Amino acid sequence: MATVTQRPVREATQDHPPGPERRPGGWRWRRSIVAAGVLTVAIVFLPAIAARSPLARWLVAKAAADLDGTASVASLRLGWLSAPVVDGIEIRDRQDRPLVQVKRVRTERSLLGLLLNPKRVGRIVVERPVVHVVYDGVETNLEEVFSEWIHGEGSAFQGIDVELEVAGATLALTDARSNESWQVDSFDLKAVLPASTASPATLKVQGQIADQRRAGRIDIGASWRQAVESDDPLAALESLEMRLEGAPLGILAPLVAKAAPETELGGCLDAQVQCKATSGADQSGMAIEASVAVDGLVLAGPALRGDRLALDRVVSTGRANWRGSLVKIDLLRVETGLGNLLVSGGFDLADQSPAAAARSLAEQTYHVEGSVDLPALAASLPRTLRLQEGTRIESGSATVVFGSRRQGEGMRWDGRFELSRLSGVRQGRRVSWPEPILATLAASKDGAGLSIERLECRARHFRFDASGTPQKLAGSADFHLAALAEEASQLIDLGRLKIAGDGHGRFEWRREGASGYSAEAAFQMKQFVLASGDQPEWSEPELSLAINARGRRAEGERIELESAGVEVRAGDDQAIASLAAPVADLRGKGPWPIEFRVPAIWPAGRARARPLLPPGDWRLAGRSRRRAS
């Protein structure tokens, strides 16, 4: 049997030759194929895996690193060949209040396309965002959270081709001080920012303004150049069209409060503005046409001393050209229940000192006409005008006309102000001012200097006249202070101010040589009285004041003051203040070295000076010095 059982084995061995020898390298090749397959699957599904891993939270935290708040995302969908989608974005402020809530943000380009060409972002769609802005009287939570972005330098989209579309947004603004709120619904925005700075960027905005009294609408369209090297905010603007219907002015509370804190602004605004870029020889400009109407305007604040200005309607229309800092107004008309204003001409709005602005204004050409209905003004702003309690203005008007124009190589100015037909009732007693208050100006300036043909001011108890040439300018004044104060106090609350005295004054300015000048002024008063508040009364049977100065015009705009003095005589006392050393620039900040010579009996001088000082804890000290004889 042993033979039988082994035979088949021997036969099999002899009939079937041995197979090929197996090598270890074959197993490595198969393992490489498996590894490559696994890696391919991992790469294909990497975005989906990353979107569901802690890496997604890290990406969100990295994107929100500059926010002064917290940000979260409900889900993130990524795929190489599909567009990224972010659902449930929420940004909360410092107080953990919701600031921004977005249902979905998606792009139209695939993730692979974005990675291969990150400069070409394409269209980004933000669906149904809700923005809750809260203003606390200092700033909004939007400014707090996005402070780094707002004050950052440069643009995050510079050199990137992107189109941003916001659909179905809701914008809500709440004023935490008054607990008032406003809302814009169905807010749609489309912004196109081409990568090439040679192409203009565009913006379109529209939305519905929800209001209990009147529904409103906002439509804005704008385009601007991206590559502009200028500090002028209008230099980049190519066109702007804005239309507002029924926009509540209260929504501007944060902007108004920054310029004028504790100011109340209300009303309903309708506005239509069109701006279009214009080309010029040296720089581009902007042509502007606007019409604005406000119904139910309300304005209140510290500047109005407790008054609350309320106007049924304010209408303004205008056309202008803005080039650099110069605004040329073709026509600006403002009509209100208090009066009207008409303006045309050019105005330089450059940021400069008041003195420089005044000089610049004198070199511009313009025409201004205005009128004020005094009864309506007094009824609206009694505290601002400091009217006496129980006073009512029944008639009166104020008109002003002023013009500046070029005349030859120089300028000419003509102006007139008149307050007339003023009458009223105070505590049941009728008061009136039959004589008008009138001021007129006629002046010109050429290469030789300033000439004043007429500068006059006329009132019942006051008169001022001045005229002169570039070589000499002189003027005089006559006044009856007690009568002026008595007439003014019939309407205006002068507080505890008491002033009296009849007097005369004169002044004279002369040119000396090519660049020198001298000036003198003198005033004499009889029965002078001055008292303010709780300060002791200062009274003098006779009081005189003399002023003199001498200097010259130096290089540039400097005006040197070589000598100056002020002399005050009150009864038998005399006080003198004089310049101890020349002043290099009269318009500069100093120093001003002044020497005082006062009477030996200092308490009398101190009592006289006290009514002239503003309220406060003032102390006067020093030594008197007699002038050597």
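Helices (H or I, at least four residues) and strands (E, at least two) are DSSP runs, numbered from the N terminus. The model shown in these views is predicted: local features need pLDDT of at least 70, side-chain atom pairs count only at pLDDT 80 or more, and totals for chains, interfaces and linings use all residues. Residues are numbered from 1 along each chain as its sequence is written, and side-chain values use heavy atoms, with hydrogens and water left out.

**View 1. Gln364 in the loop between α8 and β16 (366–373).** Gln364 has a relative accessibility of 15% and therefore counts as buried (buried means under 20% relative accessible area, exposed over 50%, partly exposed in between; 1.4 Å probe, protein chains only). Leaving aside neighbours within four places in sequence, Gln364 is in contact (heavy atoms within 4.5 Å) with Leu326, Gly346, Phe347, Asp348, Ser404 and Met411.

**View 2. Pro470 in the loop between β22 (462–468) and β23 (472–480).** Pro470 is buried because its relative accessible area is 12%. Residues up to four places away in sequence not counted, Pro470 touches Ala448, Gly449, Leu450, Ser451, Trp509 and Arg511. Leu450 lies 20 residues from Pro470 along the chain, and their C-alpha atoms are separated by 5.1 Å.

**View 3. The second largest pocket, with a volume of about 850 Å³.** Of the 25 residues in its lining, Lys445, Gly449, Leu450, Trp509 and Arg553 are the closest to the centre. A pocket is defined on a 1 Å grid over the protein atoms alone, as an open set of points where a 1.4 Å probe fits, with protein on both sides within 12 Å along at least five of seven lines; lining residues have an atom within 4 Å of a point. Grid points are joined across faces, edges and corners, and the volume is the space filled by probe spheres set on the points. At least two lining residues each come from α8 (354–362), β20 (437–446), β21 (449–459), β24 (498–512) and β25 (516–531). β21 gives the largest share, four residues. By class, the lining has 14 nonpolar, six polar and five charged residues (Ala, Val, Leu, Ile, Met, Phe, Trp, Tyr, Cys and Pro count as nonpolar, Asp, Glu, Lys and Arg as charged, and the others, Gly among them, as polar).

**View 4. Gln490 in the loop between α10 (481–489) and β24.** Gln490 counts as buried because its relative accessibility is 17%. Apart from neighbours within four places in sequence, the contacts of Gln490 are Gln388, Thr391, Arg426, Arg429, Val431 and Trp433.

**View 5. Gly428 in the loop between β18 (410–426) and β19 (429–433).** Gly428 has a relative accessibility of 72% and so counts as exposed.

View 6. Cys268 counts as buried because its relative accessibility is 15%. Cys275 is also buried, with a relative accessible area of 11%.

**Context for the views.** The protein chain has eleven helices and 29 strands. Of its 629 residues, 31% are buried. Among contacts between residues at least 6 apart in sequence, 49% join residues at least 24 apart.
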